[in-house]
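User: I'd like to go through how the labels on this one were assigned. Can you set the values against the cut-offs for me?

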Amino acid sequence: MAADDWSAENVRAVADKYCLCPFEFAMSLCEIADVVICDYNYALDPAVHIRRIFDATRDVTLLIDEAHNLVERGRDMFSATLVKEEILKVRQLLRPYAPGKKLEKALNRCNHQMLVYKRECDSCTELESVSTFLMMVNQLLEELAGWLEAHKTSEIRKQVLEFYFNLRNFSEIYNLVDENYLIYTSYLDNGDFALRLFCVNPAENLQQCINQGRSAVFFSATLLPVQYYKKMFSTNTDDYAIYVESPFDPAKRCLAIGSEVSTKYQRRNRAEFEKIAAYLNEMIQSRKGNYMAFFPSYRLMQDVYAVYEELYADENVTCLIQESAMREQEREAFLEAFAKDNEKTLVGFCIMGGIFSEGIDLDGEKLIGAAVVGAGIPQVGPERELLKQYFDRSGENGFDYAYRYPGMNKVLQAAGRVIRTTEDTGVILLLDERFRNREYRELFPREWEDCRIVQRSSLPEVIHSFWERVDCESGSKAGQQEMKSRCSAERYV
């Protein structure tokens, strides 16, 4: 392998040549690399982080991109869940191997205690402590370790080992439990019963990881409000933040709020779906090109899509709709459709916060408009409500921390798909009356100060005027002839 070529292909080739594990070989290279590019978890997750780099203080600087995702990712990395049904499943698997022995008794004790928690749980119940249960878990870990050592070739070893690692992670996370955690029991969507160690505020744990290195820089295009993210990322009070002005010319995008639309759950009905579909149609009909419409849920997306197809089906418009659990090939095909020079207008119906609303670049003519339907508010559920209550008790606005801030971040990310380079132009349409409210407008980036509030009746003229001006200023063939006189007059006013 060439000294300056550490590509995946070369690493794999060398590993194959010398009978090495490619993953372990790559981990070894990390120790002598100047730069390591990896997912968050390799640096921060206590279960899988690269120990040879981060377990001892080193001259390391963490550059954390897409940092807006780190709050939820941090909560997941420092939380742990144990499911009662998984204990029963492993007990059933192991019964032929260890009938009546210590291992079975240890499994029974853990299962019995989970049954006690289940009887005391309505739908979601907070617990003060589970220290007694943790003693049972640690005893079970000892017995499982002995069984795994004695049954290295067993056909059920893989399943038992997976359970062992999950159990060990639960025990290790419990050692981190402090005032930044909530312990609760609840029923999962499939009916299973779970005990969860929930890291509500990951700042303390993230700070411990950061302290292992020299420093850390968090950056993202959507770290708003910045004080919220500072509190979630670090316990230091002297951290500072820099707001970098957008390099994109606001004149190259049309930003409007549709004032007649609501996506509140209690107002999701046929009439609202028709309003949303009408706004989408006005945006799409304004100019041939590629568009995306982002929705907060699959249900709302499908409802609006059905109404749009019914009322505005057009042979000159092709619609794509994001499916749940799309395979890699399906994702690539979806995006490739936008990369082509399409003869027809293309509209992608997508999920806000999903695979097509972050981390994709459709520059130039690949995407000329996006509608963001709704304020991105997460679905109400037991864990979200626990978050809200926790931050209310902490003196913060619990609704902001649990719902509004995460929702608006999804909005900003989805809207950011339109303008990716200084040459891009496009329309951004925000469809929800809540965007008119001060609480939401205060979360807009500074460059959104020119946002206009429109009604369906006024939207066509607003978008038409925008595209006319774009064509005029760019000297495009489409607008040059039509706007020549007007452009000249405007330049000399």
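User: Why is Arg438 called exposed?

Analyst: Arg438 has a relative accessibility of 53%. Exposed means over 50% relative accessible area, buried under 20%, and partly exposed in between (1.4 Å probe, protein chains only). So at 53% Arg438 counts as exposed. One caveat: this is a predicted model, where local features need pLDDT of at least 70, side-chain atom pairs count only at pLDDT 80 or more, and totals for chains, interfaces and linings use all residues. Residues are numbered from 1 along each chain as its sequence is written, and side-chain values use heavy atoms, with hydrogens and water left out.

User: What makes Arg438 and Glu439 a salt bridge?

Analyst: The rule asks for a side-chain nitrogen of Lys or Arg within 4 Å of a carboxyl oxygen of Asp or Glu. Here the closest N and O atoms are 3.7 Å apart, so the pair qualifies under that rule. Glu439 itself, at 34% relative accessibility, counts as partly exposed. By this rule the count comes to 32 salt bridges.

User: Why are Arg267 and Glu433 called partly exposed?

Analyst: Arg267 has 29% relative accessibility and Glu433 has 24%.

User: What makes β10 largely enclosed by the rest of the structure?

Analyst: Seven of the seven residues of strand β10 (residues 345-351) are buried, so the strand is largely enclosed. Thr345, Val347, Phe349 and Ile351 point one way, while Leu346, Gly348 and Cys350 point the other way, and all are buried.

User: How do you know that β8 and β10 pair?

Analyst: Two strands pair if DSSP finds at least two bridges between them. Strand β8 (residues 290-295) and β10 have six bridges, in the parallel sense, so they pass. Asn290 has Leu346 in β10 as its bridge partner. Strand β9 (residues 317-321) is joined to β10 too, by five bridges, and these strands also run parallel. There, Cys319 stands opposite Val347.

User: Why is Leu63 called exposed?

Analyst: Leu63 has a relative accessible area of 61%, so it is over the exposed limit. Leu63 lies in strand β1 (residues 61-64), on an uncovered face with Thr61, whereas Leu62 and Ile64 make up the covered face. In a regular strand the side chains alternate between the two faces of the sheet.

User: What makes Leu63, Val217 and Phe219 a nonpolar patch?

Analyst: Patch members have over 30% relative accessible area and no salt bridge; nonpolar side chains (Val, Leu, Ile, Met, Phe, Trp, Tyr) are joined within 5 Å, like charges within 9 Å. Leu63, Val217 and Phe219 form such a patch on the surface, with about 280 Å² of accessible area together (Shrake-Rupley method, 1.4 Å probe; for residues, only the protein chains shown count as cover).

Conventions
Helices (H or I, at least four residues) and strands (E, at least two) are DSSP runs, numbered from the N terminus.
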